[in-house]
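Open the model in your viewer and keep the selection panel at hand. The stops below go from the whole chain to single residues.

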Amino acid sequence: MLAIRMRTRRHKAVAFATAAALTALAVPALTATPATATTTSYDSTYYKNAVGKSGTGLKSSLHTIISSQTKLSYSGVWNALKATDQDPRNSNNVVLLYSGLSRSKSLNGGDTGDWNREHVWAKSHGDFGTSTGPGTDIHHLRPTDVRVNSVRGNKDFDNGGSAVSGGGGSLTDSDSFEPRDAVKGDVARMIFYMAVRYEGGDGWADLEVNGNVNNGSNPYMGRLSVLKAWNEQDPPDAFEERRNQVIYDSYQHNRNPFIDHPEWVEAIW
């Protein structure tokens, strides 16, 4: 049985007790302990129809809950990311997902040295492009260095490979990408969010996580076993929790349930 870990938050205040924020960029110790059950102040309201369920029932309930959202334009994503991924040490900067570097908010664009909008669920995996919907869902759009983003491309996620120059410890090979340790869980929870949010009923492909790499243009992302391990090894930190809250409060008004309840990954998959 899962141990119960109480995690009741003052959600507005999470947006930035300094001490908590300063731990956001630290690399967490990687352990293989399973994600423990959590309790949040949203369980009796936002998640009330999901609490206590598992398997397909939990996935279906969460899909219904998180599908109620405000959708952004692709141009609107620029300003949203400047808020969601703001560096807690420097409000003029954003933190880049894969490298961990802090870069000026003004350096958004497509040139070398800029940061751009990375689709963590690669947009070719389901062919949704940058259209309003999965292509603009900021629960999986993150600032990344232009060159590192290009190296990742549309590869699936897996362990192993050679070091990515400027990638903060990220690795890559011909068919997969492994992000730095500090954001492995973040990446996994973004992928699981997308697999629950987009089920094929709203004109977009039914996105699913599978056990493969080289998924290409199919609406799948892998590797499932690795993503599950990353979710357990790298639990949500203050930066990720704050990001979830800012998206909920100020932009899409929906949440990534796997940040609030990382144990729900195992309950579904």
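Start with the whole chain. Residues 24 or more positions apart account for 68% of its contacts with a separation of 6 or more, a contact being heavy atoms within 4.5 Å. This is a predicted model, where local features need pLDDT of at least 70, side-chain atom pairs count only at pLDDT 80 or more, and totals for chains, interfaces and linings use all residues. Residues are numbered from 1 along each chain as its sequence is written, and side-chain values use heavy atoms, with hydrogens and water left out.

Color by secondary structure. The protein chain holds 10 helices and 13 strands; these are DSSP runs, numbered from the N terminus (helices H or I, at least four residues; strands E, at least two). Now color by accessibility. Of the 269 residues, 52% are buried. Buried means under 20% relative accessible area, exposed over 50%, and partly exposed in between (1.4 Å probe, protein chains only).

**Stop 1: helix 3**

Select residues 55-66. Helix 3 has 12 residues and spans 17 Å from first C-alpha to last, close to the 16 Å expected at 1.5 Å a residue. The expected span is 1.5 Å times one less than the number of residues.

Which residues of helix 3 are buried? They are Leu58, Lys59, Ser61, Leu62, Ile65 and Ile66. They sit on the same side of helix 3, because they cover an arc of only 165° around the axis. That arc is taken from the directions from the helix axis to the C-beta atoms. Turn to the face away from the buried side: the exposed residues Thr56 and Thr64 are there. Next, show what covers the buried residues of helix 3; the cover includes helix 6 (184-197), strand 12 (208-209), helix 9 (257-260) and helix 10 (264-268).

**Stop 2: helix 4 and its tryptophan**

Select residues 76-84. Tryptophan 78 is in this helix, helix 4. Tryptophan 78 counts as buried because its relative accessibility is 16%. Beyond four places in sequence, tryptophan 78 touches Asn108, Gly109, Trp115, Asn116 and Arg117.

The buried residues of helix 4 are Val77, Trp78, Ala80, Leu81 and Thr84. Among the elements covering them are strand 4 (90-95), strand 6 (115-119) and helix 8.

**Stop 3: a cavity**

Rolling a probe the size of a water molecule over the atoms shows where empty space is left. How many cavities of 30 Å³ or more does a search of the whole structure find? It finds three.

Select its lining: His139, Arg142, Asp186, Met190, Glu240, Arg243, Asn244, Ile247, Asn256 and Ile259. Helix 8 (238-251) and helix 6 each supply at least two lining residues. Helix 8 gives the largest share, four residues.

**Stop 4**

Select glycine 222 and arginine 223. The peptide bond between them is cis, with omega near 5°. Arginine 223 lies in the loop between strand 13 (220-221) and helix 7 (224-233).

Jump to aspartate 127, in the loop between strand 6 and strand 7. Its phi is near 55°, positive in a residue other than glycine. Aspartate 127 is exposed, at 65% relative accessible area.

End at asparagine 214, in the loop between strand 12 and strand 13. Asparagine 214 is not a glycine, yet phi is positive at about 65°. At 58% relative accessibility, asparagine 214 counts as exposed.

Conventions: 1 Å grid on protein atoms, 1.4 Å probe; cavity = no way out; pocket = protein on both sides within 12 Å on 5 of 7 lines; lining within 4 Å. Points joined across faces, edges and corners; volume = space filled by probe spheres on them.
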